[in-house]
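Subject: Structure handover

Hello,

Here is the structure for your work. My notes on the helices, the sheet and the ligand follow below.

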Amino acid sequence: MRVVLVEPGSILRKTVARLVEEGGHRVEAFSDSERALAHVAEHEDVACVITSLEVAPLCGLELCWALRSLAGTTRPLAVIAMSADRAGRRLGEVLDSGADDFIMKPPEGIALHARLRVVERALSLQRQLIRDADTDALTQLLNRGGFVRRAQACLAALAAGDLLSALMIDIDSFKGINDRHGHDGGDRVIRAVADLLKETGALAGRIGGEEFAVLMPGHGLGSAGVVAERIRQGCTRLRVPGRRGPIPVTCSLGLTAWTAGDTLETLLARADGALYAAKAGGRNRVMA
Ligand code: GH3
Ligand code: MG
Ligand code: MG
Ligand code: MG
């Protein structure tokens, strides 16, 4: 784990840092709580903070609180508070401030290592839950919620003039596929189209039954159109086994480019409009 240690005393700081390293972790030590907080905010992969309660300028409880709000519900981050104060007295206060655990100063190696293993177990469970919550079980693509979260982060990082294109994809006459080849045949088609989308390396999600959305950062309409056309042709070449031979698959695609001022909603609504035009124009085509 990448561990941040906050301890004002230089001797104890070195001792605890060495203990953490002996436990097999990477440690970055700070004496200043505000700097430590900024560092944790900047580095998403910091997984655990061990902080003395006797720190400044933010006191230990304030730091625990700030770390807990920073982590929110989406970032796995464990906080272990450390104090020379005799155990018990501040325990409730400390845990209620957002710490996950409390240890006495100076910590013993065996106890500290065991607690860090507990932290690793909890964090890996949390990561797994977050992954599952964002993943579509049929295709292993992002589901709608996971796609929206990632897409919003992607749009938030854009500056005017940056390139990004969005695609909405809907499998054609899918009700007929289900009717002729059964629901499991339909499911195989959905999985095959999802696999095609994974091959593009773009940000792709299954946002409805047989509907997908794709974001292509760095792509204007020209190059995104090439990707879209490749997806369309890829669908026609799929050989998904059906009840009486391969299932013919086509899809319709709506393409649009991001412009400054677009939100994810306006962007996808425009792509959806283009998709509607592709359906109205006869299906199995890309419209922008
Ligand atoms: P269009 O060309 O206009 O898109 O026609 P369509 O038949 O594809 O129409 P529509 O998009 O309305 O139909 C989607 C169908 O997808 C309806 C629903 O029964 C089916 N469906 C939704 N989710 C699943 C799924 O997970 N598996 C399977 N097999 N079918 C699904
Ligand atoms: Mg549909
Ligand atoms: Mg439809
Ligand atoms: Mg459809």
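Helix 2 (residues 33-42) and helix 3 (residues 60-71) have axes that come within 11 Å and cross at roughly 10°. Axes are lines fitted to C-alpha atoms, for helices over the stretch in contact, and angles run from 0 to 180 degrees between N-to-C directions. Helices (H or I, at least four residues) and strands (E, at least two) are DSSP runs, numbered from the N terminus. The two helices are therefore roughly parallel to each other (angles under 35 degrees). Ser-33, Leu-37, Val-40 and Ala-41 of helix 2 make the contact with Leu-63, Ala-66, Leu-67 and Leu-70 of helix 3 (C-beta atoms, placed from the backbone, within 7 Å).

This is a predicted model: local features need pLDDT of at least 70, side-chain atom pairs count only at pLDDT 80 or more, and totals for chains, interfaces and linings use all residues. Residues are numbered from 1 along each chain as its sequence is written, while chains are lettered from A and ligands numbered from 1 in the order in which they are written.

An open sheet of 5 strands runs in the order 7-8-6-11-12, with mixed pairing (two strands pair if DSSP finds at least two bridges between them). Strand 6 pairs with strand 11 (residues 251-257) in the antiparallel sense over 7 bridges, and Met-168 stands opposite Gly-254 in strand 11.

Ligand 1 is surrounded by 16 residues, the closest being Asp-172, Phe-174, Lys-175, Gly-186 and Gly-209 (C-beta atom, placed from the backbone, within 6 Å). Helix 7 gives the largest share of this shell, 7 residues.

Regards

How values were computed
Parallel < 35°, antiparallel > 145°, perpendicular 65-115°, else oblique. Contact = placed C-beta atoms within 7 Å.
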